[in-house]
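Visitor: Hello! Could you walk me through this protein model, starting with the ligand?

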Amino acid sequence: MNRTKDSSTSLRIAIQKSGRLTDKTIDLLHGIGVEFDNYKRNLMVKTRNFDVELLLLRDDDIPEYVQDGVCDLGFVGANEVLEQNANVSILRGLNYGNCRLSVAAPKNGKLKQAKDFEGKTIATSYPYLTQKFFKEQGVTIDIVEISGAVEITPQLEVADAISDLVSTGGTLRANGLQELFTIIESETKLIQTNKELSPGKQQLIDKFMVRIDGYQQASKSRYIMMNAPQDKVEMIKSIIPSMKSPTIVPLAETTMVAIHTVIPYGKFWEVMEELKDAGASDIVMLPIESMIL
Ligand code: AMP
């Protein structure tokens, strides 16, 4: 599957058709101003306001489509990119779809350390990464490649242990398995083909990256507003060190001002009490849609 010549100007982006990464990827694309609909019914969707088409694929097909230049960009879990050892560039980590590929074995069994796995059979959908991990430990294992319900294979005596994606660990525990080693940590990545792109497409990608960075920055930040006595402004500024240059707005009551600023999300809850103790009142926190720095 090779796209021989990059003659088209329209950017093709691969996303997961239906699955864990789909909703957040769609939200992100809408959040950066890419307009489209009907993505549930079609395999290819034209966007309304950009020269961009979306290709809706199975997540394990995405690295290859991007590697071969059939798609220029793709949103896909690092787990798939690494398992397929895909020749693509990772542009950004997007901090959703977070999980890890871990080795797990029956809780009350004898498999605890890597060396205990010598000659054992491991069921997984990730044969390349699992084999590589044990090879690096100097341990020889056999792989049974399975595409789903990997966690029941030890009970069925199909395998001694498994290597599978984990996020909370609940599925492992429910199947009497204990997580032993992490092979890789994963999150959704934005990947780009390493095939040469036309200048027009590269420009569009650069434009996209500015928007994605703005969107990500905004999702990590909050806009806060509060009222405070004029003479407490310096103290309030010292409570939030990132608040170097807040907007100070005079209020009808001349001894009071309104302070507006942007702070990292999370910081708000840490400092809210301190702000109140310093004299701030009517504190309001708002989400931000995008931030271009
Ligand atoms: P799906 O095909 O809908 O199960 O989506 C699979 C993708 O979601 C994986 O390739 C991972 O990138 C991501 N993911 C995040 N957490 C998990 C998890 N606990 N199990 C499987 N996949 C996960």
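Visitor: How far is the polar side-chain atom of Asn79 from an oxygen atom of the ligand?

Guide: This is a predicted model, where local features need pLDDT of at least 70 and side-chain atom pairs count only at pLDDT 80 or more, while totals for chains, interfaces and linings use all residues. Residues are numbered from 1 along each chain as its sequence is written, and side-chain values use heavy atoms, leaving out hydrogens and water. A polar contact is a pair of N or O atoms within 3.5 Å. For Asn79 and that ligand oxygen, the distance is 2.7 Å.

Visitor: Nice! In what order do the six strands of the open sheet lie?

Guide: Strands here are DSSP runs of E with at least two residues, and helices are runs of H or I with at least four, numbered from the N terminus. Two strands pair if DSSP finds at least two bridges between them. The pairing in this open sheet is mixed, and the order is S2-S3-S1-S4-S11-S5.

Visitor: Which are the edge strands?

Guide: Look for strands that pair on one side only. These are S2 (44–46) and S5 (88–93).

Visitor: What is the bridge partner of Val45 in S3?

Guide: S2 and S3 (residues 52–57) run antiparallel and are joined by three bridges. In S3, Val45 has as its partner Leu54.

Visitor: Are Thr121, Ile122, Ala123 and Thr124 in S7 buried or exposed?

Guide: In a regular strand the side chains alternate between the two faces of the sheet. In S7, Thr121 and Ala123 are on one side, with Ile122 and Thr124 on the other. Buried means under 20% relative accessible area, exposed over 50%, and partly exposed in between, using a 1.4 Å probe and protein chains only. Both faces of S7 are covered, and all four residues are buried.

Visitor: Which residue of S9 is the bridge partner of Thr124?

Guide: S7 has parallel pairings: four bridges join S7 to S8 (residues 142–145), and three link S7 with S9 (residues 161–166). On the S8 side, Thr121 is partnered by Asp142. In S9, the partner of Thr124 is Ser163.

Terms used:
A polar contact is a pair of N or O atoms within 3.5 Å; within protein, one must be able to donate a hydrogen and the other to accept it, and residues adjacent in sequence count only if both atoms are side-chain atoms.
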